[in-house]
Amino acid sequence: MNASMIILLVLLCAVVIIYFLMNKNVKGMTNISADELLSRLNSSSDLLLIDVREPNEFKSGHIEGAISVPLSQFQQRYAEIPNNRELVIYCQSGMRSKAAGNWLIKHGYTNLYNLRGGIRTWRGRRTN
């Protein structure tokens, strides 16, 4: 087996692992599509939106009504998030929001939703 074949196999394995991690569900957290979220928000749902992207990402545009609790500050700031509401956590693609959801689950939070595909999938209103 030559070096280029080994590199190709390593890259293929990396792609498979990344795909698996992006699509893996978090126990205790429900995935919600952008369409489902929009429908729930339009029906006056009491969802609280948590954007875990970094401040510069949040400033470039976020879902209207979302609060910013960046993942890099999450362990210090998670107590700011009420634990008696339904929470939708999102990031750019869905990976950081899953990490934030895991943290909240370990600290007793329930009623958690992950925006599947992150804000990339969002077609509703954004604010800056």
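# Briefing: a sheet, its helices and its salt bridges

E86 is partly exposed, with a relative accessible area of 24% (buried means under 20%, exposed over 50%, partly exposed in between, using a 1.4 Å probe and protein chains only). The model is predicted, so local features need pLDDT of at least 70 and side-chain atom pairs count only at pLDDT 80 or more, while totals for chains, interfaces and linings use all residues. Residues are numbered from 1 along each chain as its sequence is written, and side-chain values use heavy atoms, without hydrogens or water. E86 takes part in a salt bridge with R40, described below.

**Overall build**

- The protein has 5 helices and 7 strands (DSSP runs numbered from the N terminus: helices are H or I with at least four residues, strands are E with at least two).
- Read from the N terminus, the elements follow the order α-β-α-β-α-β-β-α-β-α-β-β.
- Of the 128 residues in the protein, 34% are buried.
- Take the contacts between residues at least 6 apart in sequence: 69% of them join residues at least 24 apart (contact means heavy atoms within 4.5 Å).
- The protein exposes about 7700 Å², and carbon and sulfur atoms supply 56% of that area (Shrake-Rupley method, 1.4 Å probe; for residues, only the protein chains shown count as cover).

**The sheet**

- Five strands form an open sheet in the order β1-β6-β5-β2-β4, with parallel pairing (two strands pair if DSSP finds at least two bridges between them).
- Strands β1 (29–32) and β4 (67–68) stand at the edges; each has a single partner strand, so one side of each lacks a neighbour in the sheet.
- Strands of a sheet pair through backbone hydrogen bonds, either parallel or antiparallel.
- Strand β2 (residues 48–51) pairs with strand β5 (residues 87–90) in the parallel sense, over 4 bridges.
- L87 stands opposite L112 in β6.

**Both faces of β5**

- In a regular strand the side chains alternate between the two faces of the sheet.
- On one side of β5, L87 and I89 are buried.

- Helix α5 (residues 95–106) lies across β1, β5 and β6, and runs at about 140° to β5 (axes are lines fitted to C-alpha atoms, for helices over the stretch in contact; angles run from 0 to 180 degrees between N-to-C directions).

**Y113 in β6**

- Y113 sits in strand β6.
- Is Y113 buried or exposed? At 16% relative accessibility, Y113 counts as buried.
- Leaving aside neighbours within four places in sequence, the contacts of Y113 include M29, T30, I32, R40 and E86.
- Y113 also contacts L87, V88 and I89.
- Y113 and L49 are 64 residues apart in sequence, and their C-alpha atoms are 9.4 Å apart in space.

**Salt bridges**

- How many salt bridges does the structure hold? It holds 5 (a side-chain nitrogen of Lys or Arg within 4 Å of a carboxyl oxygen of Asp or Glu).
- One of them joins the side chains of E86 and R40, at 2.7 Å from N to O.
- E86 lies in the loop between α4 (74–77) and β5, and R40 lies in helix α2, so the pair ties together parts that are 46 residues apart in sequence.
- R40 is partly exposed, with a relative accessible area of 24%.
- D46 and R85 also meet through their side chains in a salt bridge, at 3.2 Å from N to O.
- D46 lies in the loop between α2 and β2, and R85 in the loop between α4 and β5; this pair links distant parts of the chain, 39 residues apart.
- R85 is partly exposed, at 25% relative accessible area.
- R96 forms a salt bridge with E57, with the closest N and O atoms 2.9 Å apart.
- This pair links helix α5, which holds R96, to helix α3 (residues 55–59), which holds E57, across 39 residues.
- R96 is partly exposed, with a relative accessible area of 25%.

**A nonpolar patch**

- M1, M5, I6, L8, L9 and V10 make a nonpolar surface patch of about 610 Å².
- Patches use residues with over 30% relative accessible area and no salt bridge; like charges are joined within 9 Å, nonpolar side chains (Val, Leu, Ile, Met, Phe, Trp, Tyr) within 5 Å.
- I6 lies in helix α1 (residues 3–23).
- I6 counts as partly exposed, at 42% relative accessibility.
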